[in-house]
Amino acid sequence: MNQASHFPTWADIEQAAARINPYIHRTPVLTSQAINTLAGASLYFKCENFQKVGAFKIRGAMNAIFSMGQDEISKGVATHSSGNHAQAVALGAKTRGTKAWIVMPSTAPEVKKAAVLGYGAEVITCEPTLEARESTLKSVVADTGAQFIHPFDDWRVITGQATAAKELIEEVETLDALIAPVGGGGLLSGTALSTHYLLPEAHVYAGEPTGADDAARSFQAGRIIPSTQPQTLADGLLTSISEKTFAVIQHHVKNIFTVSDEEIVAAMRMIWERMKIIIEPSCAVPFAAVLQQKEQFAGQRIGIILTGGNVDLGKLPFK
């Protein structure tokens, strides 16, 4: 079976953009001459750190929640997430007037737990393993009848995430490449689809922490190699890619670059200092990859998705 035949179409992405438009911000695209000089390229940052819930995740969650019929959503929604998707589903459910149950690992940043509770969702804590997340969620869904919204292995979510790159490309118009971070792959696959439809000559790349490099290893091997005991300060990128996201990545992503935690911190600090905006570690990963691969990107116009700004200020990695 041709997997590409199941990918969201451009019409699907346009419909998602219209569906979620009343509920999200159209985030700015920022540039920095100082950073461009350091990088040796022209960088255009799509600032989803200014998005509702402080991250791009609201796009996919809102698209999934507002795609559902009233009967389907009447018993609420549920998900598992370390943070940003959790907040997005919680706010989406509140906006739609339904309940939300969020399974969060015990290691999730306190700032993200507090935000989820603030949106009126119920938080169920579990051990910080994928197995624990999935088994706990299964029990929650069985008890409540809530609809599960997967953080990334859901075409509705992927299509919603694609709207960030859609906006970036429509605003900047000519780009040689786009680069996004990859954890589960929802944003990356959505970015790849929008780029494929709008800028078919442009290349799509990903940045990934070396301590959680399952996507890079899977990409090289041509099959999914699940992550085991990932270790990185980029807490939003600890999950493994899925069947749906990997299928899109295989078709439409040029390469995946891995960066160390030291490179992530340096890139994060540079954006804080030069652009005066707050981003979280996961957000700095694609920029770190561009700095690492200066020869690859020299002189090009590069779109970078800055994914979020939900930082636990008590645990900043700067010295």
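**A cavity, a sheet and a buried asparagine**

Modeller: The largest cavity in this predicted model holds about 330 Å³ of space.

Colleague: Which residues lie nearest the centre of the largest cavity?

Modeller: F56, K57, G236, L237 and T239 lie nearest its centre, and they belong to a lining of 28 residues.

Colleague: Which elements give two or more residues to that lining?

Modeller: Those elements are α5 (84-96) and α9 (186-198). The largest share, 3 residues, comes from α9.

Colleague: What is the lining like by class?

Modeller: The lining of the largest cavity has 15 polar, 8 nonpolar and 5 charged residues.

Colleague: Let us turn to the sheet. In what order do the strands stand?

Modeller: The order is β5-β4-β3-β6, which makes an open sheet of 4 strands with parallel pairing. The strands β5 (122-126) and β6 (147-148) stand at the edges; each has a single partner strand, so one side of each is left without a neighbour in the sheet.

Colleague: Over how many bridges does β3 pair with β4, and with β6?

Modeller: Strand β3 (residues 77-80) pairs with β6 over 2 bridges. With strand β4 (residues 100-105), β3 pairs over 4 bridges. Both pairings run in the parallel sense.

Colleague: Which way do the residues of β3 point, and are they buried or exposed?

Modeller: V77 and T79 point one way from β3, A78 and H80 point the other way, and all are buried. In a regular strand, side chains alternate between the two faces of the sheet.

Colleague: A new topic: where is N36 placed?

Modeller: N36 is in helix α2 (residues 33-39).

Colleague: Why does N36 count as buried?

Modeller: N36 counts as buried because its relative accessibility is 12%, and the cut-off for buried is under 20%.

Colleague: What is N36 in contact with, leaving aside neighbours within four places in sequence?

Modeller: N36 is in contact with A41, S42 and L43. As for L43, its backbone nitrogen lies 2.9 Å from a polar atom of the N36 side chain.

Note on methods:
Residues are numbered from 1 along each chain as its sequence is written. This is a predicted model: local features need pLDDT of at least 70, side-chain atom pairs count only at pLDDT 80 or more; totals for chains, interfaces and linings use all residues. Side-chain values use heavy atoms; hydrogens and water are left out. Two strands pair if DSSP finds at least two bridges between them. Buried means under 20% relative accessible area, exposed over 50%, partly exposed in between (1.4 Å probe, protein chains only). A polar contact is a pair of N or O atoms within 3.5 Å; within protein, one must be able to donate a hydrogen and the other to accept it, and residues adjacent in sequence count only if both atoms are side-chain atoms. Contact means heavy atoms within 4.5 Å. On a 1 Å grid over the protein atoms alone, a cavity is a set of points where a 1.4 Å probe fits but cannot get out, and a pocket is an open set with protein on both sides within 12 Å along at least five of seven lines; lining residues have an atom within 4 Å of a point. Grid points are joined across faces, edges and corners, and a volume is the space filled by probe spheres set on the points. Ala, Val, Leu, Ile, Met, Phe, Trp, Tyr, Cys and Pro count as nonpolar, Asp, Glu, Lys and Arg as charged, and the others, Gly among them, as polar.
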